[in-house]
Amino acid sequence: NKTTATPKRLIATSYQRFAVLLDSTHNYYSGGRGSSHTLPSTYTDNYYPTAVDAQQNIFCDSSMHWMDTGNDLELTGSRFYTYDGNNKVIKFTIRDFAEMIYEPTYGSNGLISTVAISDTFGGTTMEPKSRMEYEYNAQNKRIKDSTISISTSSVQARTFYNRDANGNLLEFETSYFYNGTWHTSSRMSYTYDANNRMTSSASAFDMGAGVTNFFKDSFVYAGTNVMQPITRITQLWDNVDLEWDNETLVATTLNAQNLADSEVSCSWAGAAWDTLDRMVYHYDANNLLQYTDGFRYIANTFEANPYDHNYYYYEDYFPTGTTNTSAAKEDVIIYPNPATEAITVKGTVGNSIHIYALNGALMHT
């Protein structure tokens with residue numbers, strides 16, 4: 001049943017600087033789970049079930065990260081996943097300087113309803129320390145979560161989420177309960193354009209003297225349907241002048257597939273942007289990132305030879321739910337192929353049809 005477009009999943013990444021291997025990450029899979037990638041950030045295993053929107057792009061069983069600590073590569077962190085029959089994470093373990101275990105449960109809407117959190121902080125044995133409970137609106141968007149202490153059964157912290165009519169997150173504010181009073185600890189706010197793309201993200205924290213601004217990212221896009229920003233400016237808050245000060249700028253050029261082709265990074269030099277380096281992206285015929293080259297900007301020009309590289313490695317795999325098309329083709333007709341939003345199925349198909357994404361996630365029954 002192998003086709004000409006066999007799915008590929010990310011199995012490893014590595015980073016070299018001046019021809020020295022500095023770190024490497026390996027992903028290990030079982031069954032038909034894989035990975036899916038659209039933006040540069042989706043090539044990193046950054047899943048957290050307690051995040052506002054827990055996006056998972058790498059459906060591995062485990063991932064291991066090695067880093068050069070001065071003598072040789074050493075294992076510095078690892079992640080482990082356990083999935084249910086619908087490829088939803090039911091146990092997520094992180095091991096680095098300590099160990100944390102997240103155990104999500106799901107409601108009738110298919111979204112996370114609670115997360116039990118265990119850890120070994122403070123030299124304790126692995127045991128449940130807290131539990132997060134989530135609340136959603138009619139559009140299945142999170143509007144509140146609460147962190148409850150297992151030992152005292154009391155609410156320790158809570159976060160409220162404010163959204164616009166399109167479901168975009170406008171602001172969320174986190175508070176903690178101390179001495180019988182709720183205290184705001186942090187606040188995040190966002191703005192969007194007419195195409196529901198984020199145009200700014202700003203944070204504020206209580207550093208001991210009340211909540212104050214901290215950093216802000218601003219984004220500019222090309223066209224109306226390109227999700228990769230072409231400009232990102234990061235600013236830091238000046239508590240003296242009470243204004244945002246420029247910090248860094250990343251200018252991105254896109255290729256014909258609207259993927260990042262190159263990025264130029266700059267720092268603010270007081271009156272103008274000072275160019276630092278450029279990163280060039282290289283893809284294969286399936287638009288999968290193969291490697292990046294970094295070029296330093298010295299004496300008003302980019303060096304001819306790259307000084308660092310990121311490499312990405314893949315393997316072929318067969319997603320869960322792949323059917324024997326040679327046996328079914330006389331009974332079932334599915335069109336169009338490829339499809340974007342809808343498909344039509346005709347023929348004798350039995351009692352049910354299960355539709356899976358390439359990463360193995362069950363999309364529809």
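Reader: What share of the 365 residues of the protein counts as buried?

Author: It's 32% of them. Buried means under 20% relative accessible area, exposed means over 50%, and partly exposed is in between, with a 1.4 Å probe and protein chains only. Keep in mind that this is a predicted model, where local features need pLDDT of at least 70, side-chain atom pairs count only at pLDDT 80 or more, and totals for chains, interfaces and linings use all residues. Residues are numbered from 1 along each chain as its sequence is written, and side-chain values use heavy atoms, with hydrogens and water left out.

Reader: How many helices and strands does the protein have, and what makes a run count as one?

Author: There is one helix, and there are 25 strands. Both are DSSP runs numbered from the N terminus: helices are H or I with at least four residues, strands are E with at least two. The C-alpha trace spans about 75 × 60 × 50 Å along its principal axes.

Reader: Why is Thr-252 called buried?

Author: Its relative accessibility is 9%, and the cut-off is under 20%, so Thr-252 counts as buried. Thr-252 sits in strand β16, residues 243-254. Not counting residues up to four places away in sequence, Thr-252 touches Gln-228, Pro-229, Ile-230, Ala-260, Ser-262 and Glu-263. Contact here means heavy atoms within 4.5 Å.

Reader: What makes a set of residues a nonpolar core, and which residues touch the most other members of the largest one?

Author: A core is a set of buried Ala, Val, Leu, Ile, Met, Phe, Trp, Tyr and Cys residues joined through side-chain atoms within 4.5 Å. The largest has 25 residues, and those touching the most other members are Leu-10, Tyr-43, Tyr-81, Phe-92, Tyr-102, Val-115 and Tyr-314. Two or more residues come from each of β4 (73-83), β5 (89-95), β6 (99-106), β7 (112-119), β8 (127-136) and β21 (308-316). A second, separate core has five residues, among them Leu-169, Phe-172, Met-188 and Tyr-190.

Reader: How do you know that Tyr-314 is buried?

Author: At 17% relative accessibility it falls under the 20% limit, so Tyr-314 counts as buried. Tyr-314 lies in β21. Leaving aside neighbours within four places in sequence, its contacts include Leu-10, Tyr-43 and Leu-288. Thr-13 is 301 residues away from Tyr-314 in sequence, yet 9.2 Å away in space, C-alpha to C-alpha.

Reader: What makes β6 and β7 a pair?

Author: Two strands pair if DSSP finds at least two bridges between them; β6 and β7 have seven, in the antiparallel sense, so they qualify. Thr-105 stands opposite Thr-114 in β7. The two strands form a hairpin with five residues between them, and Gly-110 in the turn has a positive phi of about 80 degrees. β7 also runs antiparallel to β8, with six bridges joining them.

Reader: Why is Arg-79 with Asp-45 called a salt bridge?

Author: The rule asks for a side-chain nitrogen of Lys or Arg within 4 Å of a carboxyl oxygen of Asp or Glu. For Arg-79 and Asp-45 the closest N and O atoms are 3.6 Å apart, so the pair passes. Arg-79 is in strand β4 and Asp-45 in the loop between β2 and β3, so the pair ties together parts 34 residues apart in sequence. Arg-79, at 11%, counts as buried, and Asp-45, at 13%, counts as buried too. By this rule the count comes to eleven salt bridges.

Reader: Are Arg-187 and Glu-173, which form a salt bridge, buried or partly exposed, and how do you know?

Author: Partly exposed: Arg-187 has 27% relative accessibility and Glu-173 has 25%, and both values lie between 20% and 50%. Their closest N and O atoms are 2.8 Å apart. Arg-187 is in strand β12 (residues 181-192) and Glu-173 in strand β11 (residues 169-178), so the bridge ties together parts 14 residues apart in sequence.
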